[in-house]
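Welcome, and please take a moment to look over the sequence and the model below. We will then walk through the structure step by step.

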Amino acid sequence: MRFRPPWRKRACERARTLCILSRDGPTVVGIVNGMTDGEVTYLCDLYVLEKYRGQGRGKELLQQFLKAAEGTTIVLLTSEASGFYEKFGFVRREAMVWKGDK
């Protein structure tokens with residue numbers, strides 16, 4: 001059963017994972033993954049092995065992820081490589097974060 005709270009544009013869907021790999025033959029050399037509920041997509045990780053950096057693999061992975069998440073609001077929390085993400089249209093915003101251990 002799908003439910004649409006009044007503040008959402010669409011009904012809530014079952015969350016699903018988005019995971020895209022970059023390979024060199026059988027070896028996984030990069031990964032991007034996140035999760036989406038159909039309205040908001042969280043970009044959790046983008047990583048390329050150091051040996052393969054600077055070859056456009058990160059760019060290719062992110063482009064594929066953005067295409068897979070098309071039509072959703074994409075959220076990324078990072079303090080690193082923000083210049084890389086800004087090239088793809090990400091905009092710096094404030095975030096509220098709760099840490100239960102403090």
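The paragraphs below go from confidence to strands, then to the core and the aromatic rings.

This is a predicted model, in which local features need pLDDT of at least 70, side-chain atom pairs count only at pLDDT 80 or more, and totals for chains, interfaces and linings use all residues. Residues are numbered from 1 along each chain as its sequence is written, and side-chain values use heavy atoms, leaving out hydrogens and water. The predictor's confidence in each residue, from 0 to 100, is called pLDDT. For the protein chain its mean is 87, and 86% of the residues reach 70 or more. Helices (H or I, at least four residues) and strands (E, at least two) are DSSP runs, numbered from the N terminus.

Let us begin with the strands, which pair if DSSP finds at least two bridges between them. Strand E1 (residues 16–24) runs antiparallel to strand E2 (residues 27–36), and 9 bridges join them. Their hairpin has 2 residues between the strands, and Gly-25 there takes a positive phi near 65 degrees. E2 is also joined to strand E3 (residues 40–48), again antiparallel, by 7 bridges. This second hairpin has 3 residues between its strands, with Gly-38 in the turn at a positive phi of about 95 degrees. You can follow one line across the strands: Cys-19 stands opposite Asn-33 in E2, and Asn-33 stands opposite Asp-45 in E3.

Next, where do the side chains go? In a regular strand they alternate between the two faces of the sheet. For each residue, buried means under 20% relative accessible area, exposed over 50%, and partly exposed in between (1.4 Å probe, protein chains only). Thr-41, found in strand E3, is buried because its relative accessible area is 0%. Contact means heavy atoms within 4.5 Å; leaving aside neighbours within four places in sequence, Thr-41 has contacts including Leu-18, Met-35, Phe-65 and Val-75. Arg-16, in strand E1, is partly exposed because its relative accessible area is 43%. Not counting residues up to four places away in sequence, Arg-16 touches Gly-34, Met-35, Thr-36 and Ala-68.

A nonpolar core is a set of buried Ala, Val, Leu, Ile, Met, Phe, Trp, Tyr and Cys residues joined through side-chain atoms within 4.5 Å. The largest one has 13 residues, of which Val-32, Leu-43 and Phe-65 touch the most other members. E1, E2, E3 and H1 each give two or more residues to this core, and the largest share, 3 residues, comes from H1. Beyond four places in sequence, the contacts of Val-32 include Leu-18, Ile-20, Leu-43, Leu-61 and Phe-65.

Finally, turn to the aromatic rings. Rings of Phe, Tyr and Trp (its six-membered ring) pair if their centres lie within 6.5 Å; planes under 30 degrees apart count as stacked, over 60 as edge-to-face and the rest as tilted. The structure holds 3 aromatic pairs. One of them joins Phe-84 and Tyr-85, edge-to-face, at 5.2 Å centre to centre with 80 degrees between the planes. Tyr-85 and Phe-90 have ring centres 5.7 Å apart and planes at 75 degrees, so this pair is edge-to-face. Phe-84, Tyr-85, Phe-88 and Phe-90 form one aromatic cluster.
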